[in-house]
Amino acid sequence: MTVKIYQGQCLASLKTLPDNSVDIVITSPPYWGLRDYGKDGQIGLEKSLQEHLDVLIEIFAEVRRVLKPEGICWVNYGDCYATTPNGRKAVDIVGDDRGFVDKPFSTIQGNCKPKDLCLLPERFVIAMQDSGWWVRAKPIWAKRNPMPESAKDRPTTAYEQLYMFTKSERYLYDHKAVRIGLAESSISRYEQDIDSQEGSHRANGGRKTNGTMKAVGGPRSKSSSFKRENSKRAVAHPGQSMGTHRPDREDKNYQDGTRSLRQWEFDPPVVPDDIMELDIWDIPTKSYRGAHFATFPPDLVYRCLAASAMEKGCVVLDPFGGAGTTGLVADRLQMDSILCELNEEYIDIASDRIEGEQGMFPSVEIIIPEAVRAAE
């Protein structure tokens with residue numbers, strides 16, 4: 001599998017990619033007016049919200065060009081409040097060694113008044129829709145371990161929005177791969193042998209005419225329980241303790257051809273067919289010690305890949321590569337990935353992370369397109 005990181009402005013890098021060459025896109029653009037990373041050409045420092053949206057739409061027009069007609073584009077994009085700059089460099093804050101400046105300019109402008117929520121995601125999504133994308137869903141990434149906030153006059157934000165865009169009306173999607181898991185109480189209830197129960201004669205005051213009232217069962221009877229010997233359920237869903245683990249995974253490692261894959265926290269559950277998929281994804285945040293900025297939790301990337309009908313050999317694109325989580329997860333699933341990143345420090349972080357956690361696998365290839373070299 002290949003992991004390619006294109007160094008430089010993502011728009012120039014994207015223009016070097018062929019049409020319809022990417023299967024899945026998973027990314028999170030820099031948020032507007034949040035921080036200055038000290039790099040010329042960085043996104044998020046546009047002086048007006050409209051300028052910022054125009055830049056993003058131009059970039060995602062290239063993303064749409066390189067995405068295959070049946071592909072899906074997942075975008076995580078957060079909001080901000082209209083405030084003035086705080087004027088402090090992060091390096092001057094005790095215990096904080098990040099190299100950016102918070103709030104480089106005032107986001108109080110236009111109709112956004114002080115303390116207004118700017119509604120960036122909503123404005124972005126409407127602009128994407130106007131530019132030709134289909135907006136198919138907006139799952140909520142619910143965080144049970146959110147960052148604390150100092151505001152006392154509003155609820156603390158404990159979620160971020162994810163958006164599912166497609167370039168075509170028809171596309172590849174696997175709803176079975178992202179169904180919700182079952183609570184242990186539901187598992188116990190579904191395993192009851194209801195057919196052998198006598199049941200209660202007191203239902204409806206004893207006036208029940210079609211037999212006794214039995215315990216509420218599940219979608220499968222005892223004879224067809226999902227804990228049967230040929231169950232495909234390999235591991236417990238995160239947060240559950242039950243699951244019939246495959247013998248070849250008991251030691252947390254297994255062989256797949258010539259490639260050794262580690263058992264990881266994003267193993268997909270297999271659940272009864274009528275358990276629905278919800279648009280609330282309960283996934284805790286997960287820090288990476290080598291990065292001093294927000295990173296995707298691997299489980300979030302996995303769920304997007306799983307829903308996108310992933311297959312070995314698919315090409316995954318992240319135009320804003322950051323710490324390389326998209327490339328890391330894709331490579332572990334034997335998928336090729338392309339990351340674009342402007343900041344050389346983050347490219348080093350992503351390379352070390354991918355190679356360090358996989359060791360024996362191919363090295364990350366760093367590419368500087370000719371258009372980027374010429375611009376420099």
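The legends below describe close-up views of a predicted model.

**View 1. The aromatic pair of Trp-74 and Trp-281.** The model holds 7 aromatic pairs. In one of them, Trp-74 and Trp-281 adopt a tilted arrangement, with 5.6 Å centre to centre and 50 degrees between the planes. Trp-74 belongs to strand β4 (residues 67–76) and Trp-281 to strand β11 (residues 280–282), so this pair ties together parts that are 207 residues apart in sequence. Trp-74 is buried, its relative accessible area being 1%. Trp-281 is likewise buried, at 1% relative accessibility.

**View 2. A cluster of aromatic rings.** Tyr-31, Phe-60, Tyr-77, Phe-124, Trp-133, Tyr-163 and Phe-165 are joined into a cluster through ring pairs.

**View 3. A charge over a ring.** Lys-143 places its charged end over the ring of Trp-141, at 4.6 Å from the ring centre.

**View 4. The largest nonpolar core.** This core comprises 41 residues, and Phe-60, Cys-73, Phe-124, Phe-165 and Leu-317 have the most contacts inside it. At least two residues of the core come from each of several elements, including α1 (10–14), α2 (49–66), α3 (120–130), β4 and β12 (315–318). The greatest contribution is that of α2, with 8 residues.

**View 5. The surroundings of Leu-317.** With residues up to four places away in sequence not counted, Leu-317 touches Leu-14, Leu-17, Val-22, Ile-24, Val-25, Ile-26, Val-66, Ile-338 and Cys-340.

View 6. A separate core of 25 residues includes Ala-177, Trp-281, Tyr-302 and Val-329.

Methods. Residues numbered from 1 in each chain as written. Predicted model: local features only at pLDDT ≥ 70, side-chain atom pairs only at ≥ 80, totals over all residues. Heavy atoms only, no water. Phe/Tyr/Trp six-rings, centres within 6.5 Å; stacked < 30°, edge-to-face > 60°. Helix = DSSP H or I, 4+ residues; strand = E, 2+ residues; numbered from the N terminus. Buried < 20%, exposed > 50% of the residue type's maximum accessible area, 1.4 Å probe, protein only. Lys NZ or Arg CZ within 6 Å of the ring centre and 35° of its normal. Core = buried A, V, L, I, M, F, W, Y, C linked by side-chain atoms within 4.5 Å. Contact = heavy atoms within 4.5 Å.
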